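Here are my notes on the model you sent over. Have the structure open while you read, and go through the points in order.

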Amino acid sequence: MVSTLFLHGVIRSLESENAVHEAMLVTDGRIVALGTETELRQIAPAGTELVELDGGVVLPGFHDAHFHIGNLARELEAPDLRGAATLDETLERLRDWADAHPGDGWVLGGRWDRNLWPTGQMPTRQALDALFGERPVSLPSVDGHAVWANTAGLRAAGIEAGTPDPVGGRIEREPGTDEPSGLLLEAAGDHIRDCSEAALVAELHRLLERAQQALLACGITQITNFEGEDVRAGLERLRSDGRLAIRVHIGVAMSDLDLAIAEGRRTGRGDDWLTDGPVKLFSDGALGSHTAHLHDDFAGEPGNHGIEVIPFDELCELVERAVSHGIAVATHAIGDRANTLVLDAYERHRELTAAAGLTNRIEHAQHLRWEDLPRFAALGVVASQQPIHCTSDFPLSVELLGDRDIAHYPWRSLLDSGALVAFGSDAPVEPANPLYGVHAAVTRETREGRPPGGREPEQRLTLLEALRAFTEGGARAAGLADRTGRLAPGLLADFIVLDRDIFAVEPHEIPALTVRTTVVGGRIVHRAA
């Protein structure tokens, strides 16, 4: 039996804003008690280690409810195209990366954003051909819903002139021809992603270990992750080697649903480190790629109301198949039409889901018809949202959606309706730092303070509500609230120490706070220099 008494003057359990303790007793990785130092010294077993924590406040560890650790790991050594304001700047960064990383293997990563480029500038395969020649290239957009490929990459994925668009995707063509331009939208990019990512399988466990250190450094002790079997295998290898230091609720890719069923996976099963999560489905695309599925057309784009990635009847069949085998469903839905359809599909199989004891989720739930908003609570559907999307999408979302009367990033309204709201980052689409998301949730402003007062400020949350959504919310959404998400007796001792008390700073100061110490299972796994 290993016991540790952690001491700090401000240990916030988040039960309420005033729930503050000065000591926490941990035995064999679980919290035994919180209280005063005097009280806990009296009950501490002989040989208990004493650890005095420095910094401003102790909080529960963050649970990021929507993560892609495999993509984050792969992109640690990839070109970085974020923020490039023109096509020329983007190509210059790629040229510099190519000079520093010669070879003939796949080039992947990037996170380019054509919405920042001047009107008329578009990614083309020829621009990449000039830089990389026969070296295959697969560069996801910043939102991950488009892929920019060169000719060699397209050829490796079997895409050529006349290749038909897949269901739920579109191959952009050169004007007046059937030749692919190099831009692949939604499902059209699936195969080339698989091809490029397969090239890194042998290195993935090493990259995942590096990625987990980045998470621990920003206070993330648990994630709900949505990726494929290669990432699952990499995480399992880290665990078997004794090197896994974060807890992971592992989602299932739609293409792997049959495998998960055959192996008898059930949502919630697992140990304290790895648990089986929901199957991830896609109802639509994203705003940045102009593929979110809307009831009305995108502003200024007649005829474009996005892409229905999985047709509704197929979506319903997949929900039924998953829940009937004990696997919950998490469906990506950004546009208001997509959210309507996903709620309709969940409602159709509401009784089957309840009988299986499962909780389904909508990932993002960004733009909703007002009449759909109360359906989350009524159907018991989790709203898995990423507050930083609200601020990073500004002002693009205003430009693309106009002044239509729908709810945008409505976490206040969802919470007030009784829905379970769980917060995450969608990293590496957005930065992983949860404090950026907390700031966005309480201010609705960018970190630069735009727009002043916040976009639709009536949707802001209190600091306590935002922190709970980033801790207990993620745990509850994953069905793990009896293990993690709070500081309470019997729960796993996962907590962090910030350099200052987040409740004592101004909201605009929140993104500048840093994590001094991260503890998982009572063991210090990160200390800031």
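In which sense do strands β12 and β13 pair, and over how many bridges?

1. **The pairing in question.** Strand β12 (residues 220-225) pairs with β13 in the parallel sense, over four bridges. Within that pairing, Ile 223 sits opposite Val 248 of β13. Two strands count as paired here if DSSP finds at least two bridges between them. Helices (H or I, at least four residues) and strands (E, at least two) are DSSP runs, numbered from the N terminus.

2. **Ground rules.** This is a predicted model, in which local features need pLDDT of at least 70, side-chain atom pairs count only at pLDDT 80 or more, and totals for chains, interfaces and linings use all residues. Residues are numbered from 1 along each chain as its sequence is written, and side-chain values use heavy atoms, with hydrogens and water left out.

3. **Overall build.** The protein has 19 helices and 23 strands. Its C-alpha trace spans about 80 × 55 × 50 Å along the principal axes. A compact globule of 529 residues would have a radius of gyration near 24 Å, and the protein has 23 Å, so the two agree. That radius is taken over C-alpha atoms, and the globule rule is 2.2 Å times the number of residues to the power 0.38.

4. **Cover and contacts.** Of the 529 residues, 59% are buried; buried means under 20% relative accessible area, exposed over 50%, and partly exposed in between (1.4 Å probe, protein chains only). Among contacts with a separation of 6 or more, 72% come from residues 24 or more positions apart, where contact means heavy atoms within 4.5 Å.

5. **The sheet.** β12 and β13 belong to an open sheet of eight strands with parallel pairing, in the order β6-β12-β13-β14-β15-β16-β18-β20. The edge strands are β6 (62-67) and β20 (421-423), each pairing on one side only. From one strand to the next, the twist averages 25°. For angles like this, axes are lines fitted to C-alpha atoms (for helices over the stretch in contact), and the values run from 0 to 180 degrees between N-to-C directions.

6. Seven of the seven residues in β13 (residues 247-253) are buried. Arg 247, His 249, Gly 251 and Ala 253 point one way, while Val 248, Ile 250 and Val 252 point the other. On to the next neighbour: five bridges join β13 to the parallel strand β14 (residues 274-282), with His 249 opposite Thr 275.

7. Five of the five residues in β15 are buried. Val 329, Thr 331 and Ala 333 point one way, and Ala 330 and His 332 the other. β15 (residues 329-333) pairs with β14 in the parallel sense over four bridges, and Lys 280 has Ala 330 as its bridge partner. Four bridges also join β15 to β16, again parallel, and there Thr 331 stands opposite Ile 362.

8. **Helices over the sheet.** β13, helix α9 (residues 257-262) and β14 form a right-handed β-α-β unit. β14, helix α10 (residues 312-324) and β15 also make a right-handed unit. Right-handed means that, with the strands pointing away from the viewer, the path from the first strand over the helix to the second runs clockwise. Helix α8 (residues 229-240) lies across β12, β13 and β14, at about 170° to β14. Helix α11 (residues 336-348) lies across β15 and β16 (361-364), at about 160° to β15.

9. **Backbone spots to look at.** A cis peptide bond joins Ala 427 and Pro 428, with omega about 5°; Pro 428 is in the loop between β20 and α17 (434-443). Another cis bond joins Arg 450 and Pro 451, with omega about -15°; Pro 451 is in the loop between α17 and α18 (463-469).

10. Is Glu 186 buried or exposed? Glu 186 has 6% relative accessibility, so it counts as buried. Glu 186 lies in strand β11 (residues 180-186), with a positive phi of about 50°. Glu 456, with a positive phi of about 45°, lies in the loop between α17 and α18. At 24% relative accessibility, Glu 456 counts as partly exposed.
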